[in-house]
Amino acid sequence: MSDWPEGYQLIEGSSLDRSRLVTTMASAYGELGATQLGHLTKTVELYFESPSMLWWLEKSGTSRVGFTARQPSAIGCLWLGQSINQLTGALQAYIYLVYVEPAYRRQGLGRGLMNHARRWAQEQGYAQMSLQVFCKNKVAIQLYEDLGFMPTATLLTLDV
């Protein structure tokens with residue numbers, strides 16, 4: 001059973017997708033009001049390594065033949081890796097990015113990406129999966145809670 005409506009496909013990304021990932025992250029954080037995005041390249045450099053995995057959600061039937069073939073625009077993106085649970089010390093799957101283009105939201109695509117993330121985490125032998133979400137991203141918080149995620153920490157910041 002597919003996690004998304006008919007007409008969509010999930011394509012595994014590669015290390016060649018680093019700049020595309022940075023661009024997608026910039027779109028995601030820009031929607032949330034981020035103004036400083038220069039650090040995203042460094043974030044990808046630091047965390048986009050094994051066992052990190054990347055997938056692109058695209059329209060079905062998209063052709064990807066040849067080295068110079070035009071890369072189709074992604075409808076969504078899922079970037080997973082691992083982190084350490086700071087309470088237990090256990091390795092856990094970590095969701096670095098889950099993103100769906102605004103025009104394609106409210107169709108179950110984000111839920112499909114999250115279900116894919118869960119299956120990947122289980123296949124890798126992780127017992128837990130975590131992510132960070134911004135407080136003002138209420139729609140994402142609701143989705144994560146609907147999927148069974150529970151808040152376990154609060155990130156506090158202070159301008160000095």
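Predicted model: local features only at pLDDT ≥ 70, side-chain atom pairs only at ≥ 80, totals over all residues.
1. Let's start with a word you'll need: "buried" means under 20% relative accessible area, "exposed" means over 50%, and "partly exposed" is in between (1.4 Å probe, protein chains only).

2. Residues are numbered from 1 along each chain as its sequence is written, and side-chain values use heavy atoms, with hydrogens and water left out.

3. Now, the salt bridges: a side-chain nitrogen of Lys or Arg within 4 Å of a carboxyl oxygen of Asp or Glu. The count comes to 3.

4. Which residue does Glu-58 pair with? Its partner is Arg-20, with the closest N and O atoms 3.4 Å apart. Glu-58 sits in strand β2 (residues 53–59) and Arg-20 in helix α1 (residues 18–31), 38 residues apart. Helices (H or I, at least four residues) and strands (E, at least two) are DSSP runs, numbered from the N terminus. Glu-58 is buried, at 0%.

5. Next, Glu-31 bridges to Arg-105, at 2.6 Å between the closest N and O atoms. Glu-31 lies in helix α1 and Arg-105 in the loop between β4 (91–100) and α3 (109–123), so this pair ties together parts 74 residues apart in sequence. Glu-31 is partly exposed at 39%, and Arg-105 is partly exposed at 35%.

6. Finally, Arg-111 meets Asp-146 in a salt bridge (3.9 Å, N to O). Arg-111 is in helix α3 and Asp-146 in helix α4 (residues 138–146), so parts 35 residues apart in sequence are tied together.
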